[in-house]
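Work through the exercises below with the structure open. Each task is followed by a solution in steps.

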Amino acid sequence: MSGLAYYPGCSLRHSAAEFDVSTRVVLDALSIEYTEVPDWTCCGSSPAHMTDHLLAQSLAARNLRQAAMVGDRLFAPCPSCHQREKNAALEIHDDQVFRAEVNELLDVPYEADVSVLTLPEVLVQGAGPDRIKDLVKADLCRLRVVPYYGCLLGRPKVFSGESNDEQPVIMDVLLEAAGADVRPWNYKTECCGASIGIPKADIQRRLSRKVLEQALEAGAEAVVVCCPLCHQNLDMRQTQINVAFGTDLSVPVLYLTQVIGLAMGYSPEQMMLQKHFVDPRPLVARAIEDAVAFRAEEARVAAEKEARRKVVEAARAAKVARRAAKKEDSEAAE
């Protein structure tokens, strides 16, 4: 892979610092080389594009120009940042007249064509599931999770690279490679209400409640996200949901890179699990402990099965030997 520029964006610098930290740890562990976009600025997500299209695209274009100093590819872990950068990159690439309009607003023009990738795309293209499997040290087979893509990570296809807008699979593949027990469900891309969390809090709480309840209905114990806004709604606001609806939800919400990092043997503290409002550490500790017992039981059952197989084979061999001996005695008597 050629030069890869990392655009953390505003959320990963502050409210989603654990996403930034775990992402860097996982990328380093996978030997995926990257360089942070020098002197990056806010991409304008999410209000800019609803206010002034040209200004919004110019904000994103400045980051693309800065990323071009590193290489021809940029990735943004935040799906909202990714959408803004990807949208601008495609429009500027396809419309030279619009590129000229954007460049009139920039102090230095953007002349390159930088490709924009999601974090899961970088993990798949830069390492792949098999490489992740090779680095697994902690068994997460008893950690039951559902991958939550939200509105932006899996669609539209031209942005995400997924073959199915409604049933994206890239997070599923990565979580399975990390050894987690990934449960199928139909709420992968349902909205959690992130963009209306302040002006329409009642709608946001209703949407987020449905996502969490459907995750539990699917048999999951935790929800895995790649979006700081989704994480905020589903994790930080669970208390608000419980107060509003009289529920007793307590569902840990983990970032994709936190799960992969845990599987690689990094500690909960290194993955900054202590920062979450719904503490995932008891669940993770229990899942790892249960996995040890589960594997021990698997080994015991396998050993018993092998022992029975050997007994059966020995009995068959003895029977064949007796028949052969009987045949020899019969022939000798003749």
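Predicted model: local features only at pLDDT ≥ 70, side-chain atom pairs only at ≥ 80, totals over all residues.

**Exercise 1.** Determine where Glu 221 and Arg 286 lie, and whether each is buried or partly exposed.

Solution. Start with the contact: the closest N and O atoms of this salt bridge are 2.4 Å apart. Glu 221 is in the loop between helix 10 (201-217) and strand 7 (222-225), while Arg 286 is in helix 14 (residues 281-333), so the pair ties together parts 65 residues apart in sequence. Glu 221, at 15% relative accessible area, is buried; Arg 286, at 42%, is partly exposed.

**Exercise 2.** Describe how helix 3 and helix 4 are oriented to each other, and list the residues that meet.

Solution. The axes of helix 3 (residues 53-67) and helix 4 (residues 79-94) come within 9 Å and cross at roughly 95 degrees. Angles of 65 to 115 degrees count as roughly perpendicular, so the two helices are roughly perpendicular to each other. From helix 3, His 53, Ala 56, Gln 57, Ala 60, Ala 61, Asn 63 and Leu 64 take part; they meet Arg 84, Glu 85, Asn 87, Ala 88, Ala 89, Glu 91 and Ile 92 of helix 4. Sorted by type, the residues of this contact are seven nonpolar, four polar and three charged.

How values were computed: Residues numbered from 1 in each chain as written. Heavy atoms only, no water. Axes fitted to C-alpha atoms, helices over the stretch in contact; angles between N-to-C directions. Helix = DSSP H or I, 4+ residues; strand = E, 2+ residues; numbered from the N terminus. Parallel < 35°, antiparallel > 145°, perpendicular 65-115°, else oblique. Contact = heavy atoms within 4.5 Å. Nonpolar A, V, L, I, M, F, W, Y, C, P; charged D, E, K, R; others polar. Salt bridge = Lys/Arg side-chain N within 4 Å of Asp/Glu carboxyl O. Buried < 20%, exposed > 50% of the residue type's maximum accessible area, 1.4 Å probe, protein only.
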